[in-house]
Each structure stands twice: as C-alpha cells, then as structure tokens.
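Trainee: I have a protein model open and would like to learn how to read it. Could you take me through it feature by feature?

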Amino acid sequence: SATMVLLACAVVLLALSGALCAPVAIPLSVRHGEFAIVESGHTARDGASDRIETARVVPVGNHKKAARAYLDSVTEVDMNGNYNQYVFDIYVGTPRQKFIIHADTGSGLTAIPVQGCQSCDQNTPNPYFDYLGSTSYSPVQCTSFNCTARQCDTTGQEDTCAFNYKYGSNQIHGRLGRDEVAIGPYSVTGIVGLIEGRESNFEAPFADGIIGLSYNGNIACSPSCVTPPLDMIIAKYNLKDQFAMLLRNTDGVFNIGGMDPAYFTGNMLYSTVTQTTFYTIDFLGMTVGTTPSVPIDIHNPTNSFVDSGTSYLLLPTSMFNQLTATFQEKYSNVEGVSGIGVFSRYCLIAANNDQRGTALAAYIAENYPTITIYISGVAVTIPPLSYLIPVATTSSRVSYCLAIDSFDQDFIVLGDTFMRGLYILFDRENHRLGFAQGTGNLGTTIAPSTETASRGHVLKASIGMVMALAIVLCA
C-alpha cells in the first residue's frame with residue numbers, strides 16, 4: 001500500500017448496551033512527503049506561459065453473521081495526513097506506548113518497529129517499541145497455536161514466531177508479539193508484528209508502522225494467520241462489523257462500529273463487495289470531462305478494490321495509456337497535458353511570483369477536466385485538484401503532480417485519489433461499501449448510477465492474493 005496520513009485523538013465511550021451514544025472522534029492526519037527535483041526547466045508545451053513549468057520529481061522516503069444485539073455506539077478516531085499518507089494513533093503495551101500508524105484497508109497485519117531494529121528509521125515520531133518495558137508483553141512462541149506456519153525467528157529470538165510481509169516493492173520482517181493494543185476507547189490483548197528489518201522508505205518519515213484493516217483479516221497471514229486488532233475490538237465490545245473512513249486534504253476521521261451522519265451529506269449509496277479478500281467492487285467504466293464526457297474503454301476484464309494504503313488511483317497500463325491519449329487529444333491546449341507534462345511523470349511548478357501556488361491551483365481547477373468513475377450503483381466524479389495534488393519540493397515553489405499511475409496488473413486500485421472527499425462505509429456485515437459525499441467541500445461528488453458493462457467490461461477477473469500495494473512513488 002507511498003507517503004501518507006495520520007490521526008491523533010481522544011475518545012469517550014458514551015453509551016452502554018441499548019443506549020444511544022453520541023459519536024466521539026479519532027481524527028486522521030495527513031503527512032506530506034518530501035520531493036527532490038530531478039529534472040527541471042522544461043515547459044509544459046511550446047509557447048507555454050511563465051505561469052507553469054514542469055519538473056521531474058521523485059519522492060524521498062516514503063482488506064452473513066447471525067443477528068446479535070450490539071452496543072449502539074459509533075466511535076470516531078481522528079486522523080491526520082496529507083495527499084499521500086493517512087494515519088492515526090494506537091497505543092501498545094503497559095504502560096502505553098504511542099505509535100502513529102498508517103491506516104491500510106489493503107493489508108491485514110498490524111506492525112510497529114521494535115527495539116533493536118537496525119534498518120528502522122530513527123527519525124520517525126516514535127521509532128521503537130520497548131517490549132522489555134511493557135509488563136503485559138509476551139512473545140508468541142514458535143510452538144504456539146497462534147504460530148500457524150511454524151516459522152521461527154532467526155535474529156536472536158529463535159523460539160519466537162517469525163513474520164514477513166510484502167507491500168508492493170517494500171517488505172518488512174520480524175517476530176510476532178502479544179500485548180495490549182488500544183485504539184480510541186477500546187483495548188484488546190492482540191498480536192502485532194514487531195519489525196526487526198524493513199525497506200528504508202517503509203512508512204518513513206511520518207508514520208511508525210501500519211495497521212491492516214482488510215476484510216475480516218483474510219490477508220493477515222505473514223505467513224502465520226492472526227486476528228487483527230480491529231476484528232478483536234469489534235468482537236470484544238459487541239460492535240457492528242463496520243467501520244467508516246473520510247480522507248480529506250490534511251485530516252480525516254475513522255469511525256469504528258458504524259457510520260456518523262455528521263461527516264457526510266446526502267444519501268449513502270452502496271456497492272456490493274464481490275470478493276472478500278480485498279474490498280472488491282465492480283468497476284464499470286470511466287469518463288473524462290462533462291460536455292460531452294469521453295469514455296475510457298476497459299480493454300481487459302478486471303476487478304477494483306478500495307485501498308487506503310495506496311496513494312494513487314492505479315490503472316492497468318492499457319487503460320492508463322488510453323486516458324493519456326484522451327487528455328492529449330481533447331485537452332492539448334491545457335498546459336502540462338501534452339509533451340513533457342504530467343502524464344510523463346513531470347509535475348507542474350508554480351511561477352516564481354506564485355510561490356504559494358494560488359494561481360497555479362486556480363488554473364488547474366478551471367482548465368483540467370473532471371474524471372468520473374462508475375462502480376456498481378455509484379458514479380464518483382473526481383475534481384482536478386484531487387487527481388493533481390500538491391507536493392513539497394527542494395524548491396520553494398509549490399508543485400502539482402498527477403496522482404494517477406499505471407501498473408502491469410489487470411485490476412484497478414481505488415486508492416487515496418479516489419477516496420479523498422468521500423465518506424466510505426466498509427460494511428463487512430452486509431458485504432457492501434457505502435459511499436457518500438464527505439464534509440469538507442473538496443469537490444468530489446457522487447450520484448446514483450445505472451451504468452452497466454456496456455461502457456466497458458464488468459470486472460470479474462480474480463485478484464488473487466495480491467498483497468496491498470505500498471504507496472506509489474512519483475517516478
């Protein structure tokens with residue numbers, strides 16, 4: 001699942017069984033990545049104004065139960081973040097040790113760096129878990145029934161269950177440990193991955209670790225299969241098997257146990273989850289612009305899944321190429337579209353007299369088209385300033401980069417570019433995802449859709465056990 005978001009917050013559980021409780025918030029935060037300019041000085045096209053330059057930039061660093069009586073409560077966890085990474089706080093151990101973790105609906109393991117990790121980034125907010133300082137910690141033995149794969153650690157804890165987990169091009173490994181894990185007002189004794197080694201840019205520099213929110217923990221095997229903390233919280237506190245997420249530009253909210261109408265407007269529209277490894281839904285098509293809209297054909301049948309751990313909207317290469325061609329044919333007069341521009345992984349950079357990027361943002365909003373994505377039952381229209389996002393650079397000027405990319409797969413990843421501005425209910429109880437327009441006025445809109453496979457092909461190919469993609473980098 002590339003650089004991302006997080007949250008910090010205090011929550012109070014206001015209701016007991018059968019009583020209506022007012023929601024409490026755990027905010028999501030967004031963290032900005034740092035970018036270094038590799039190539040600069042190119043204009044977007046011949047005759048381009050001095051309002052915009054393009055520069056190549058590379059980021060630095062950085063998934064039916066029987067009816068039962070529920071606690072009628074929805075807890076909200078504040079999230080922090082940016083366009084690349086959304087995070088919130090969890091607490092591990094006794095006394096509690098705080099960690100900022102990346103919220104990832106495309107993976108199943110919860111993992112934090114442990115004391116002694118040689119390759120972990122010491123500049124993260126809370127670099128190591130001091131397991132020796134926790135009175136409630138115990139190792140997961142290699143012979144334990146929880147160590148289903150019987151794979152033992154080889155880094156000095158030979159009798160402890162080992163794990164390894166791959167996120168796209170990044171990988172972490174270490175051992176499993178059992179301790180108290182707290183999210184908002186809830187606490188469970190759970191199993192987490194203690195990272196002893198990782199790729200240099202994994203989650204750094206703004207998140208300590210990751211929490212997997214996959215569908216019922218179906219991809220929480222690493223290779224031993226463990227129950228994720230969220231699933232344990234839902235079971236222990238008898239909550240609805242639902243959570244919701246709203247990603248905004250610099251913050252967000254994470255609801256446990258249901259949805260909170262305070263964070264969306266209008267009606268909730270639903271798409272059926274077609275596979276329960278990931279949050280997989282039928283993708284029926286894509287159009288560019290509105291007057292008239294231009295359809296993008298889906299050349300190969302595929303699936304799509306909603307993944308908060310992927311920063312971008314990821315398209316199969318053939319579909320991305322057609323999107324590029326459509327832009328360059330219909331919007332060739334727009335700066336940054338043709339030639340050396342955003343579709344060739346260059347970024348738009350504000351002019352020297354527009355260091356805050358106000359004029360550049362206004363130009364993008366006025367001249368770039370919307371993109372509408374059709375999923376079963378819902379049409380989601382993404383505004384230009386959601387798929388062209390600001391990034392920090394080594395220059396003092398603001399730059400905007402394309403948050404859509406291609407990859408050699410036959411499915412679509414609906415990452416943060418798609419999710420931003422939407423309030424999304426992950427209703428695992430009824431095997432569906434709910435979509436509503438989130439608060440915050442980001443410009444993303446939804447509408448009921450009767451779209452069928454006629455615009456392309458309904459996505460039916462199996463995703464298989466493809467692990468969550470780590471944050472996609474600009475280059």
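**Reading the model through its disulfides, strands and helices**

Mentor: Let us begin with a pair of cysteines, Cys347 and Cys401, both of which are buried. Please keep in mind throughout that this is a predicted model.

Trainee: Which bond do Cys347 and Cys401 form, and how far apart are their sulfur atoms?

Mentor: Cys347 and Cys401 form a disulfide, with their sulfur atoms 1.9 Å apart. This pair links distant parts of the chain, since Cys347 sits in strand β22 (residues 346–350) and Cys401 in strand β26 (residues 399–402), 54 residues apart. The link of Cys347 and Cys401 is right-handed, with 110° about the S-S bond.

Trainee: Why does Cys401 count as buried?

Mentor: The reasoning needs a cut-off, which is that buried means under 20% relative accessible area. Cys401 counts as buried because its relative accessibility is 1%. In space, the C-alpha of Cys401 is 7.6 Å from that of Arg345, although Cys401 and Arg345 are 56 residues apart in sequence.

Trainee: How are strands held beside one another in general, and in which sense do β22 and β26 pair?

Mentor: As a general idea, the strands of a sheet pair through backbone hydrogen bonds, and they do so either parallel or antiparallel. Here β22 and β26 pair in the antiparallel sense, over 2 bridges, and Tyr400 in β26 is the bridge partner of Leu348. In β22, 5 of the 5 residues are buried, so this strand is largely enclosed by the rest of the structure.

Trainee: How many disulfides does a search of the whole structure find?

Mentor: The search finds 4 disulfides. One of them joins Cys142 to Cys152, with an S to S distance of 1.8 Å. Both Cys142 and Cys152 lie in the loop between β9 and β10, so this pair ties together parts that are 10 residues apart in sequence.

Trainee: Is the disulfide of Cys142 and Cys152 left-handed or right-handed?

Mentor: The handedness is read from the torsion about the S-S bond, which for Cys142 and Cys152 is about -95°, so the disulfide is left-handed.

Trainee: Let us turn to sheets. In what order do the strands of the open sheet of 5 strands stand?

Mentor: The order is β17-β20-β28-β21-β27, and the pairing is mixed. The edge strands, each of which pairs on one side only, are β17 (280–281) and β27 (404–407). Within this sheet, strand β21 (residues 313–316) and strand β28 (residues 412–414) run antiparallel and are joined by 2 bridges, with Leu314 opposite Val413 in β28. Helix α2 (residues 317–330) packs on the sheet, where it touches β21, β27 and β28, and its direction makes about 105° with that of β21.

Trainee: Which residues of helix α3 are buried?

Mentor: In helix α3 (residues 358–367) the buried residues are Leu360, Ala361, Tyr363 and Ile364. These residues lie on the same side of α3, because they cover an arc of only 160° around the axis. Thr358 and Glu366, on the other side of α3, are exposed.

Trainee: To finish with the whole protein, how many helices and strands does it have?

Mentor: The protein has 5 helices and 31 strands. Of its 475 residues, 59% count as buried. The accessible surface comes to about 17,000 Å², and 50% of that surface belongs to carbon and sulfur atoms.

Note on methods: Residues are numbered from 1 along each chain as its sequence is written. This is a predicted model: local features need pLDDT of at least 70, side-chain atom pairs count only at pLDDT 80 or more; totals for chains, interfaces and linings use all residues. Side-chain values use heavy atoms; hydrogens and water are left out. Helices (H or I, at least four residues) and strands (E, at least two) are DSSP runs, numbered from the N terminus. Buried means under 20% relative accessible area, exposed over 50%, partly exposed in between (1.4 Å probe, protein chains only). Accessible areas come from the Shrake-Rupley method with a 1.4 Å probe; for residues, only the protein chains shown count as cover. The arc is that of the directions from the helix axis to the C-beta atoms. A disulfide is a pair of cysteine sulfur atoms within 2.5 Å. Two strands pair if DSSP finds at least two bridges between them. Contact means heavy atoms within 4.5 Å. Axes are lines fitted to C-alpha atoms, for helices over the stretch in contact, and angles run from 0 to 180 degrees between N-to-C directions.
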